[in-house]
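Subject: Structure handover

Hi,

Here is the structure for you to pick up. My notes on it follow below.

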Amino acid sequence: MIRTSTLVFTVIVAASNAFGQTPNIGSLYDQLLQSSDTNRAAPQVFQIAKNDAAARNYLAARLPSVIASNRSENDPVWANAVRLAGQLKIVAAIPALVQALSKPAVAGGYDSTATGGYTFTIGAKLVYDVVGRALADIGDPSVPALAKILANGDPDARKRVFWILVNIDSPAAKQAMQDRLPNETDPAIKGAIEHHLGIR
Amino acid sequence: MVDPRITRSNTLAGVHFRSGSPDPSEGFPDGTSFNSPLLLANVSNKPVKTHVSVNYTTQENLQMTPVDPKKDTEEKAHSVPLGDITIAPGDVQSIELSTTLAGVTAVEDSGVDVTYDADPGAIIGHLTSVDQSGDYSFEVPIKDPAGMNELTDGVYPWSIENGANAVLHLKNTTADDQNAMVTLLFPDGANYRLDLISLKPYQSITVDVQKLKASQKKDVIKQVFPTTAVSGQVQWRPETPNTVIGRMEQTDAKDGIARSFSCSSLCCMNYGASSFLSPGSLSGAVGNNGLVTGEYSGTDCNYVPFGPYVLAPGSWTVDSSTIASLSGTGYYYQEQVNYLKQGTTNVWGRNFNLLGYYLDNYTNRCRSYHYYEDASASVTVNPPTCNITLNFNGSKTPGDNLMFTSDFRECSEGLGPIECDAKQWWHLNMEGVVTVSDNASRWVITQQLISSRKHGHATDSLGNHVAFDQEVLPAGPDGPSAAFIQNPAGQKKLFWLDGPGHFFQNGTGPITDMIFTMNLTDTVESVDYPNVICTVNWHARLEVDFGPALNMTSSFGGYGLINLD
């Protein structure tokens with residue numbers, strides 16, 4: 001009995017590899033890495049991977065290295081990799097995304113609507129911070145890494161992380177802000193945390 | 001001198017004797033000085049022990065910080081016993097009163113009280129204030145305050161024509177605090193109603209008509225003394241019958257004329273008083289409050305009005321505590337009405353303690369009794385109100401703890417156009433302030449982007465100068481972000497910040513020049529009264545000159561929607 005089941009499972013996986021979606025995701029992934037095709041491929045990648053664990057795993061194994069590469073923040077390939085990591089909540093991409101916080105905050109990704117115009121509401125939604133948006137989309141798994149930056153980062157980094165935590169808006173995110181509060185010295189960040197936590 | 005047969009008590013009193021140098025305003029020649037010998041005669045057939053005391057009122061500096069900063073003095077009543085004198089039957093004793101006041105300054109008024117240990121009428125008195133030359137003499141009636149001729153109303157003529165002085169003197173003849181009501185009547189039928197006069201035990205006070213006129217102080221119904229009035233009548237009455245004596249002394253030192261009036265009239269039962277709340281109706285928006293005051297007023301038998309005067313009820317109540325609540329003001333006669341919820345209700349002053357009067361047929365004396373009344377005022381509570389103010393210049397409003405630099409792309413806490421080179425963003429920093437009547441936490445603010453346009457030039461990756469002309473952001477809801485709204489519970493101000501603006505780049509390249517315009521509408525709506533809303537339109541305009549550099553003159557924010565030029 002055991003041998004038969006194992007055989008059946010192996011056949012199904014093999015069939016999937018040969019005729020299912022995984023080869024499609026591979027093809028689309030190749031297009032995603034091409035500057036000329038990336039914005040067309042990215043939404044298709046998302047549509048396939050959001051309902052297909054195998055496709056998602058395929059991307060989880062590859063997107064972090066794209067994000068961690070030395071591609072420019074203005075490179076649409078890089079921006080799409082970041083955006084997809086967030087949309088698909090790829091936890092494995094968190095270290096690469098946290099590392100990407102060292103780059104300037106930029107709008108980007110295939111679904112970005114940013115054309116330079118701004119209001120505080122637009123800013124608060126991280127429209128102009130594709131990395132921040134991705135980390136916020138991943139949610140609570142991002143919080144420990146973000147908390148470290150909130151504890152040790154420079155004021156700009158802390159402020160950026162504050163807004164990511166605001167967008168996560170979970171108990172864990174609020175706890176990270178609460179933990180930072182006693183030691184926060186920047187009045188704008190301190191005031192913003194207090195305001196967000198309803199302390200003032 | 002009083003006929004001893006009309007006395008009812010073993011008390012005598014007189015108000016306003018003169019001593020030493022008179023007030024210069026009275027017009028007496030320099031060097032004039034008065035003595036006031038009081039003559040007491042025993043008209044009984046037994047020796048009688050008498051007790052004489054002088055009372056006077058001074059203006060003294062307040063020992064504490066005054067409640068009214070314009071009034072740093074207070075009246076202080078003094079009483080000085082002169083000792084006991086036994087008068088033999090048929091004998092007359094003289095007591096000089098002026099020596100008691102020697103060296104006392106700022107004397108407002110003075111009086112004398114005499115009690116004796118014998119039946120009413122055993123002692124009669126006579127008092128005259130006379131100067132050293134004998135040219136000026138003023139008789140001060142010495143009366144039994146409870147005497148048959150002391151009725152309930154005093155009605156005297158007064159005249160201040162040709163510089164004459166007319167001064168009403170009132171004296172409390174009892175050991176308790178007493179109140180007196182005074183109304184001045186003018187020939188044309190108008191009147192001037194003084195506030196209730198409180199007299200300490202045995203205190204004598206003055207009402208100087210000329211000074212009253214000169215002060216132009218408003219009376220209890222906000223009238224001022226007519227500037228043309230020079231004569232009329234004064235009518236006064238004690239709140240409790242036979243407790244206060246009074247007289248009007250009219251002097252004209254220049255012509256050597258003096259008159260003293262102390263006639264009385266009996267109104268007694270015909271005096272009517274009633275309590276009420278002022279104002280009789282209150283209205284205001286939810287969250288606001290009003291003051292209501294307990295008062296009473298009345299008229300005597302001559303239809304002369306007295307009051308209104310403040311009066312504390314026994315308690316305060318409100319019919320609907322969900323529509324309005326009450327809180328104290330520190331004055332028992334006044335209550336604060338807090339408007340809680342839209343609707344109508346009544347606030348009540350319960351058990352106002354009023355004095356009624358009746359004529360005791362047995363003694364033919366006017367006597368008082370207490371009766372109690374309730375009075376109400378209607379309260380109309382309207383929906384809460386809101387008022388929006390936008391600030392585009394200068395600094396944020398005190399109390400606004402929000403910070404522009406909480407935003408990652410901001411670098412200034414100032415209002416107005418901001419060029420933030422460090423972050424590479426241009427902003428138009430604005431502050432919104434909503435003042436509500438109730439509670440800021442019960443209001444919601446929403447912002448709509450109505451229209452926008454940006455046009456100018458940017459450099460592309462090849463170094464070409466490329467024109468652009470497009471919408472800045474799609475029209476539609478635009479927060480504001482909760483992180484930039486301050487509306488804590490219990491406060492009446494809601495603040496919000498926004499900093500619409502633009503990145504130094506447009507699409508692929510840096511902007512070289514640009515005109516940016518954004519029209520927005522903000523709406524605040526009451527959570528509890530959804531139909532109550534306030535709306536304001538505003539705009540942000542940024543003009544970036546070649547350089548690029550933000551043109552601080554042509555960049556601004558303001559009320560209203562503007563053309564997308």
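L165(A) touches L146(A), A173(A), A176(A) and M177(A), leaving aside residues up to four places away in sequence. Another core lies apart from it; this one has 53 residues, including V112(B), I142(B), V167(B) and V209(B). Bear in mind that the model is predicted.

L165(A) also belongs to the largest nonpolar core, which counts 78 residues. Along with I67(A), V82(A), A85(A) and L97(A), L165(A) touches the most other members there. As background, nonpolar side chains tend to be buried together in soluble globular proteins.

**Chain A**

Chain A has 13 helices and one strand. Along the sequence the pattern runs α-α-α-α-α-α-α-β-α-α-α-α-α-α. Chain A has 200 residues, and 43% of them are buried. Take the contacts in chain A between residues at least 6 apart in sequence: 65% of these join residues at least 24 apart.

**Where A meets B**

The contact draws 28 residues from chain B and 21 residues from chain A. On the chain B side, the elements giving two or more residues are β32 (443-459), β36 (493-498), β37 (501-503) and β38 (505-506). β37(B) gives the most, with three residues. By class, that side has 11 nonpolar, 12 polar and five charged residues.

Best wishes

Technical notes. Residues are numbered from 1 along each chain as its sequence is written. Chains are lettered from A and ligands numbered from 1 in the order in which they are written. This is a predicted model: local features need pLDDT of at least 70, side-chain atom pairs count only at pLDDT 80 or more; totals for chains, interfaces and linings use all residues. A nonpolar core is a set of buried Ala, Val, Leu, Ile, Met, Phe, Trp, Tyr and Cys residues joined through C-beta atoms within 7 Å. A residue is buried if 20 or more other C-beta atoms lie within 10 Å of its own, exposed if 12 or fewer, and partly exposed in between; C-beta atoms are placed from the backbone. Two residues are in contact if their C-beta atoms, placed from the backbone, lie within 7 Å. Helices (H or I, at least four residues) and strands (E, at least two) are DSSP runs, numbered from the N terminus. Ala, Val, Leu, Ile, Met, Phe, Trp, Tyr, Cys and Pro count as nonpolar, Asp, Glu, Lys and Arg as charged, and the others, Gly among them, as polar.
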